[in-house]
Amino acid sequence: MKLARMSTLVARPRPIAKSTCSNPYFSQLRSSSYYTRSSSLPRNYGARIVPQQSAWLIERFGKFNRVLAPGLHFLIPFVDKIAYVHSLKEEALSIPDQQAITLDNVTITIDGVLYIKVIDPEKASYGIANYYFSMTQLAQTTMRSELGKLTLDKTFAERECLNLNIVRAINHASEAWGVQCMRYEIRDIKPPASVKHAMDLQAEAERKKRATILDSEGSQQAEINIADGQRQALMLQAQGEAAAILTRAQATAQGIESLANAIKQSGGTQAVSLRIAEQYVQAFGQIAKQSTTVLLPSNASDPASFVAQAMSIYNSVLKTSQPGVDFIQPRSTSSTEPGASPS
């Protein structure tokens, strides 16, 4: 009777330790992997082939014996037991939504994706009961801690730095578990509706500000270009006028020089007198075309006296500016006695 009871106790299967987590995601992880001691573990038939990127832990008489690498292995039935099977591939864990408070007291909802990999199968088997659940909880607590050090604006701007800090903190805590966090990516950051509305207004105001600044800079540049063009136009116009004045002065000087040379030649005095008389007649003909009020000299009918007066003025100017120069002697308009010399 006592032996039968003992055999019953020995034959009874060992109960599987269950986690207190009620999340269906972790239940799915436990049921789809060989992590726990369950009936889905491969049995010992004396010879087993371990697939690539897998690690099987062997226990002999309930004590850890060795880790089987990929390939063919021979085991002792009823003595060696395949206790744990681990995948050495990189795995992705979805971190569920959680709320965190930033440095400026804004409550946000954040989630992410955690990428882990088993690097020491022995530690992953005996160092932690469920490293999936533990890594997820560690990622959530680390994320809340890191978000509390940043303001809301820096949370959006320094997402990459935040990911690196979370990975560093997780690896420091999970070093004894034989699991390494490869990387962590924040998937979504959801601020409250009121904060999001304020951020939208701020972004719209910033866009309007940039548009106004660009518009004013464009107007300023346009005014500068117009002023520069007008300045260059005035400079070119002044240069053109100066060149024209210089050309006219040179032409006038050449004309005066030619006229002076012509006056010094034989018959020059008579030519100058004739030219002055012609200009007097032309000016007298145009005198009444520009105004209704006309002032006439008393001797308007005597051009010879006007020519003599003009030549007298020319001789006075020439005597003042160049003493010692021969003067032009105008002909007298009145009749002179025979043999008398003109005054």
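I take buried to mean under 20% relative accessible area, exposed over 50% and partly exposed in between (1.4 Å probe, protein chains only). On that scale, 26% of the 343 residues of the protein chain count as buried.

The model is predicted, so I take local features only at pLDDT of at least 70 and side-chain atom pairs only at pLDDT 80 or more, while totals for chains, interfaces and linings use all residues. Residues are numbered from 1 along each chain as its sequence is written, and side-chain values use heavy atoms, with hydrogens and water left out.

**Overall fold.** I looked up the elements as DSSP runs, numbered from the N terminus: helices (H or I, at least four residues) and strands (E, at least two). The protein chain has nine helices and eight strands. I took contact as heavy atoms within 4.5 Å. Among contacts with a separation of 6 or more, 63% come from residues 24 or more positions apart.

**Core.** A nonpolar core here is a set of buried Ala, Val, Leu, Ile, Met, Phe, Trp, Tyr and Cys residues joined through side-chain atoms within 4.5 Å. The largest one holds 31 residues. Leu114, Ile116, Tyr131, Met135, Ile170 and Tyr184 touch the most other members. Strands E6 (91-101), E7 (107-118) and E8 (179-190) each give two or more residues, as do helices H4 (131-147) and H6 (159-173). H4 gives the most, with seven. I then checked Tyr184 beyond its neighbours within four places in sequence: its contacts include Ile95, Leu114, Ala139, Met143 and Ile166. A second, separate core has eight residues, among them Leu41, Trp56, Ile58 and Leu68.

**Helix H4.** Twelve of its 17 residues are buried, so H4 is largely enclosed by the rest of the structure. Tyr132, Gln140 and Glu146 are among the buried ones. Asn130 caps the N-terminal end, with a side-chain oxygen 3.2 Å from the backbone nitrogen of Tyr132.

**Aromatic rings.** Rings of Phe, Tyr and Trp (its six-membered ring) pair if their centres lie within 6.5 Å; planes under 30 degrees apart are stacked, over 60 edge-to-face and the rest tilted. I count three aromatic pairs by this rule. Phe64 and Tyr126 have ring centres 5.9 Å apart and planes at 70 degrees, so the pair is edge-to-face. Phe64 is in strand E3 (residues 63-68) and Tyr126 in helix H3 (residues 121-126), so the pair ties together parts 62 residues apart in sequence. Phe64 is partly exposed at 26% relative accessibility, and Tyr126 is partly exposed at 38%. Ring pairs link Phe64, Tyr84 and Tyr126 into a cluster.

**Two loop residues.** Pro42 lies in the loop between helix H2 (24-31) and strand E1 (47-50). Pro42 is buried, at 16% relative accessible area. Leaving aside neighbours within four places in sequence, Pro42 is in contact with Arg48, Trp56, Ile82 and Val85. Thr102 lies in the loop between E6 and E7. Thr102 counts as buried, at 4% relative accessibility. Beyond its neighbours within four places in sequence, the contacts of Thr102 include Ile108, Leu147 and Leu152.

Note on methods
A polar contact is a pair of N or O atoms within 3.5 Å; within protein, one must be able to donate a hydrogen and the other to accept it, and residues adjacent in sequence count only if both atoms are side-chain atoms.
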